[in-house]
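Subject: Structure handover

Hello,

Here is the structure for you to look through. My notes follow below it.

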Amino acid sequence: MELPLINSELKNLITIEQAWYYNVIPFKQHQGTLQLLTTEEKINAELETELEIILGKKVSLQKENSAIVEKLLQSLYPKGQQPTLQEPTSNFRINVNDNNFLETLVKEAKSLHSSDIHIETYGEKCRIRFRVDGVLIDRHKLNKAEYPTLINKIKIAASCDIAEKRMPQDGRIRFKINNSNLDIRASILPTLYGEKIVLRLLGSDASHINIEKLGFSKEELERYELAVKKPNGIILISGPTGSGKTTTLYATLKVINKPTNNILTIEDPIEYTLDGVNQVQLKEDIGLTYTEALRTFLRQDPDVIMLGEIRDAQTAQMAIRAALTGHLVLSTIHTNSAWGTISRLVDMGIPPYLLSSTMNLSVAQRLIRVLCADCKKEHDLNAEELPHNYRNLQVKKHFTAVGCQSCYYTGYKGRKAIYEVINITKELAEQIKNNATSIDEYLKTNKISKLSENALALFIEGQTSLEEIYPFLINEN
């Protein structure tokens, strides 16, 4: 059986999903018409019309032996293969000349629960990638000639200067999709081959955020809510960018958002809106910094203050001052562990005796990708795959990521938060005063789970893979 030759340029005109769903192979393109090979039973006018709408071009179906079509599908579009730039996985057709192209792009990103859209160029290649579950996946390939038009249209929508191509710019775009408002932050960066744009999709309504569904265990939630109920002090959540810290803060604000409380926030950016909460957008270019906002907040008779992030010593000192004067302060900070937050604040110049009297709670948070239930595969666990400290682990089986259409060939679907929640008790307050660098014995005695232990629990339960939790395990070595 001799298979017809299909060049890679034609192959890339349709996606893996489209090829298998419609049972078609792109064979030839002539005078604007794309000829597709398919089986005799598939040929009909309705299918041609549907494919023309999806592919955005004239289509002609050509009959071919079913065995040849099957062989070509297996050869050109192998199932379970992770999509690449040459094999986009989108049924959305992005037409730069369409006035609604940006809305189409954002709708697609929303349908995939994407957090960011990356639009970039490398020499003659231009592509669009979406960040889904913390990982970038390729979605569209663009023509080099279309790229400047695309960039300019986004700049106009974001109220940026289309003539400025040498300096970075920031802008905002607002959409209304399916009766919900969507706020988009646009960041434009000049690169070697042209301007790169990253669109951050920000939700506008926090009504769906529920603290009980974030990932806290029962014991962790009890410790967390106990600290939140205190009338003053500081609650800090640590973790890298994109670990869900802000979502946890909003869920906390929902718990304490009562008519009897005056709540003020300073954020960059404002990711969600909350009725009854006075939210302020950081504007450092005009002098509205975290420190300046805090100074004004203290004259606004607040009960609760939320700072988007403690970035420097001055902000940390103002947060401590706010807590000392009878306010509950919530904020985030970049550290590797809950106890590491204490060391970071001491390094910023905060006296340990002040920390011991103002800290209510320190939380470390991470997001771990959950294996796709439709394609994850069970294997025997080889102890040699584990870090040295865990090679006595009594686990015989584990699951690995495979990849399928349901998870966009990543092997993962969704993420789950894990926490390390430490209440600052009298005993720990003494440890802070004494500049203790490790409290492992205290955590063990009080049955407080560390990030690595919670990550390992997800692995043992079969919810995630060894690759996802490995960084947490080696941090313990």
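Which residues in H10 are buried? They are Thr-315, Ala-316, Met-318, Ala-319, Ile-320, Ala-322 and Ala-323. Bear in mind that this is a predicted model.

Helix H10 itself covers residues 313-324, twelve in number. From first C-alpha to last, H10 reaches 16 Å, close to the 16 Å expected at 1.5 Å a residue. Asp-312 caps the N-terminal end, with a side-chain oxygen 3.3 Å from the backbone nitrogen of Gln-314. After H10 comes Gly-326, with a positive phi near 95 degrees.

What do the buried residues of H10 pack against? The partners are strands S10 (233-238), S13 (304-307) and S14 (328-333), plus helices H9 (290-297), H11 (340-347) and H12 (352-358).

Now the cores. The largest nonpolar core has 55 residues. Leu-307, Leu-345, Leu-355, Met-359, Ile-422 and Ile-469 have the most contacts inside it. H10 supplies the largest share of this core, six residues. A second, separate core has 30 residues, including Val-132, Leu-142, Phe-175 and Ala-186.

Leu-307 is worth a look. Leaving aside neighbours within four places in sequence, its contacts include Thr-315 and Ala-319, along with Leu-249, Ile-266, Tyr-290 and Leu-294.

Last, Thr-38, in strand S2 (residues 33-38). Thr-38 has a relative accessible area of 0%, so it counts as buried. Its side chain reaches the backbone oxygen of Asn-23 at 2.9 Å. Not counting residues up to four places away in sequence, Thr-38 touches Tyr-22, Val-24, Ile-43, Leu-61 and Val-69, among others.

Best wishes

Conventions. Residues are numbered from 1 along each chain as its sequence is written. This is a predicted model: local features need pLDDT of at least 70, side-chain atom pairs count only at pLDDT 80 or more; totals for chains, interfaces and linings use all residues. Side-chain values use heavy atoms; hydrogens and water are left out. Helices (H or I, at least four residues) and strands (E, at least two) are DSSP runs, numbered from the N terminus. Buried means under 20% relative accessible area, exposed over 50%, partly exposed in between (1.4 Å probe, protein chains only). A polar contact is a pair of N or O atoms within 3.5 Å; within protein, one must be able to donate a hydrogen and the other to accept it, and residues adjacent in sequence count only if both atoms are side-chain atoms. Contact means heavy atoms within 4.5 Å. The expected span of a helix is 1.5 Å times one less than its number of residues. A nonpolar core is a set of buried Ala, Val, Leu, Ile, Met, Phe, Trp, Tyr and Cys residues joined through side-chain atoms within 4.5 Å.
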